[in-house]
Amino acid sequence: MKTTLPAVKDITREWLLVDAQDQILGRMATRIALILRGKHKVIFTPHLDTGDFVIVINAKNVKVTGNKLKQKLYRRYSGYPNGLSERTLEEQLERHPELVLQQAVKRMLPAGPLGRQLLTKLKIYPGTEHPHQSQQPKPISMALHGTS
């Protein structure tokens with residue numbers, strides 16, 4: 001059998017709309033990473049960007065399980081002595097809800113130039129408004145296949 005590689009000009013990209021209202025953060029992030037990567041398509045190639053664009057709305061209403069709101073920490077270090085700052089997931093969702101989902105998806109993508117390129121196709125908005133109406137995004141459900 002001969003393996004055929006898709007030409008970059010032959011890759012078609014769709015715009016998909018995901019509503020994060022009451023969705024579980026990690027499960028939604030895995031599905032989004034799969035779509036960004038293009039693994040849901042027949043023409044998937046590991047070293048090429050074959051994925052679709054994803055618009056996420058209502059990022060501030062994402063849910064987590066267990067005690068993660070109080071226990072999960074987001075850390076930053078400025079590089080200076082005593083420059084470590086920490087925020088809980090609850091504080092981060094109040095201040096920058098789009099960064100929570102972006103960081104979750106980013107860590108599920110490959111490291112390096114391909115992962116950075118894939119992340120540019122992810123558009124996250126805390127509310128219901130987004131400026132991508134002209135792309136006519138298709139709403140998709142984040143429900144996993146095979147579950148009821």
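## The sheet

Four strands form an open sheet in the order 5-2-1-6, and their pairing is parallel. Helices and strands here are DSSP runs numbered from the N terminus, with at least four residues (H or I) for a helix and at least two (E) for a strand. Two strands pair if DSSP finds at least two bridges between them. Strand 5 (122-124) and strand 6 (138-140) each have a single partner strand and stand at the edges, so one side of each has no neighbour in the sheet. From one strand to the next, the twist averages 25 degrees.

Strand 2 (residues 53-57) and strand 5 run parallel and are joined by three bridges. In this pair, V56 stands opposite I124 of strand 5.

## Basis of the model

This is a predicted model, in which local features need pLDDT of at least 70 and side-chain atom pairs count only at pLDDT 80 or more, while totals for chains, interfaces and linings use all residues. Residues are numbered from 1 along each chain as its sequence is written, and side-chain values use heavy atoms, with hydrogens and water left out.

## Helices on the sheet

The protein has five helices and six strands. From the N terminus, the elements follow the pattern β-α-β-α-β-β-α-α-α-β-β.

Strand 2 and strand 5 are both touched by helix 1 (residues 25-37), which packs on the sheet and also touches strand 1 (15-19) and strand 6. The direction of helix 1 makes about 155 degrees with that of strand 2. Helix 4 (residues 97-106) packs on the sheet too, touching strand 2 and strand 5, and its direction makes about 155 degrees with that of strand 5. Such angles run from 0 to 180 degrees between N-to-C directions, with axes fitted to C-alpha atoms, for helices over the stretch in contact.

## The position of K121

K121 lies in the loop between helix 5 (113-119) and strand 5. K121 is buried, with a relative accessible area of 3%; buried means under 20%, exposed over 50%, and partly exposed in between, using a 1.4 Å probe and protein chains only.

Apart from neighbours within four places in sequence, K121 is in contact with R13, L36, D49, G51, D52, F53 and V54. Contact means heavy atoms within 4.5 Å. K121 and L36 are 85 residues apart along the chain, and their C-alpha atoms are separated by 7.0 Å.

## The whole protein

Of the 148 residues in the protein, 39% are buried. Among contacts with a separation of 6 or more, 67% are between residues 24 or more positions apart. The C-alpha atoms fill a box of roughly 55 × 40 × 35 Å along the principal axes.
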